[in-house]
Every structure is written in C-alpha cells, then in structure tokens.
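Thanks for coming. I have one structure to go through today, so let me put it on the screen.

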Amino acid sequence: DTVGNMGYSETVYFTVDTVPPDIEILSPENETYTTSCAVETLSSVPLNFTINEPTSWIGYSLNGQANITIAENTTLTGLSDGSYRLIVYAKDVAGNTGASKITYFSIETQQPFPTWIVAAIIAGAGITILAYFAKVKKTTKKLK
C-alpha cells in the first residue's frame, strides 16, 4: 500500500488446456455392411468410439447434416441403402472441440432368391437325380 505494507494472496494453481480431445471411431468401419431381407427395411449400425479425456458434449454428423447430440456410444438407426460419411465431435471440459477422422461406410440390402428360383433349382436337381438312377437301372439290366 502507500505506506509500504506488503500483502500477498494464497498461491493459485491452474492449467491452461488448449488441446482438443482425440476421438477414434471403432464402429462403423470403412466398409459395406450387407443385410439380407425379403422386404426393404431400414438398417442399424453400432456407433462405438473412444475419447481420450472427459467431455462436456458429444455429437455426430452423418453426411454433413446437423450434429446430433449423444451421451455415449449408441446405434445409428433408420439407415437405408446407400453411402454414408460419419464424423464424431466432442467438446472437452475446457471448451476445446475435436473431430474424429471421417469414416465412410455403406449399407446394401441383398434380396434373397425368389421362391420360384429355389423351386426351379430343386426341381432341376431332382430331374438330374432321376435321370441318373434311370441310367444306372438301364445299365444294370444290360449286365444281367
């Protein structure tokens, strides 16, 4: 102060965090997911990821759409056939926002064989077997 008295405060320790969180997507992977269904349905794919520090917010964006807020690993539902571009975002408790690498994946529904094709294959196999046994029986008669 003005008369020469010296004051002091308690020691305050603090950390400055300027590093965004590191996010790794574990699932889905960069691949095509194939489903088999008789009628067209929407698919689900697990969204699993790791983040290297505590967060105050987590979200993801699919195909550049608005971020969808999530609390933890989840399942991406209602996916139709097609290609997808996924990024997971997270904000750490210091306010730094990080983003995962982009994961590209696809959904493809394979239609099963129509019943008439399966029946035709089975019927064709049956005709082949009957023809074989008829030939064996005819050959057996000649040998007698």
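This is a predicted model: local features need pLDDT of at least 70, side-chain atom pairs count only at pLDDT 80 or more; totals for chains, interfaces and linings use all residues.

The layout first. The accessible surface is about 10,700 Å², with 58% of it belonging to carbon and sulfur atoms. If you take the contacts with a separation of 6 or more, residues 24 or more positions apart account for 67% of them.

Now the strand pairing around β9, which covers 103-110. β9 pairs with β2 in the parallel sense, over five bridges. In that pairing T35 stands opposite T109 of β9. β9 also pairs with β7, this time in the antiparallel sense and again over five bridges. There, L86 is the residue opposite T103 of β9.

Next, the core. In soluble globular proteins, nonpolar side chains tend to be buried together. Here the largest nonpolar core has 17 residues. Which residues have the most contacts inside this core? They are L47 and F105. The elements giving two or more residues to the core are β1, β3, β4, β6, β7 and β9. Of these, β7 gives the most, with four residues.

L47 is worth a look on the screen. Leaving aside residues up to four places away in sequence, L47 touches I25, S27, P28, Y60, I70, N73, T74, T75, L76, L86 and V88. Two residues in that list, S27 and P28, are joined by a cis peptide bond, with omega at about 5°. P28 itself is in the loop between β1 and β2.

On to S106, which sits in strand β9. Is S106 buried or exposed? Its relative accessibility is 18%, and the cut-off for buried is under 20%, so S106 counts as buried. The S106 side chain makes a polar contact with the side chain of S83, at 3.5 Å. Not counting residues up to four places away in sequence, S106 touches E31, T32, Y33, G82 and S83.

Last, two loop residues. E72 is in the loop between β5 and β6. E72 counts as exposed because its relative accessibility is 55%, and the cut-off for exposed is over 50%. E72 and I58 are 14 residues apart in sequence, and their C-alpha atoms are 7.5 Å apart in space.

The other one is N63, in the loop between β4 and β5. With a relative accessible area of 35%, N63 is partly exposed.

To recap: the largest nonpolar core has 17 residues, with L47 and F105 making the most contacts inside it. β9 pairs with β2 in the parallel sense and with β7 in the antiparallel sense.

Terms used:
Residues are numbered from 1 along each chain as its sequence is written. Side-chain values use heavy atoms; hydrogens and water are left out. A nonpolar core is a set of buried Ala, Val, Leu, Ile, Met, Phe, Trp, Tyr and Cys residues joined through side-chain atoms within 4.5 Å. Buried means under 20% relative accessible area, exposed over 50%, partly exposed in between (1.4 Å probe, protein chains only). Contact means heavy atoms within 4.5 Å. A polar contact is a pair of N or O atoms within 3.5 Å; within protein, one must be able to donate a hydrogen and the other to accept it, and residues adjacent in sequence count only if both atoms are side-chain atoms. Accessible areas come from the Shrake-Rupley method with a 1.4 Å probe; for residues, only the protein chains shown count as cover. Two strands pair if DSSP finds at least two bridges between them.
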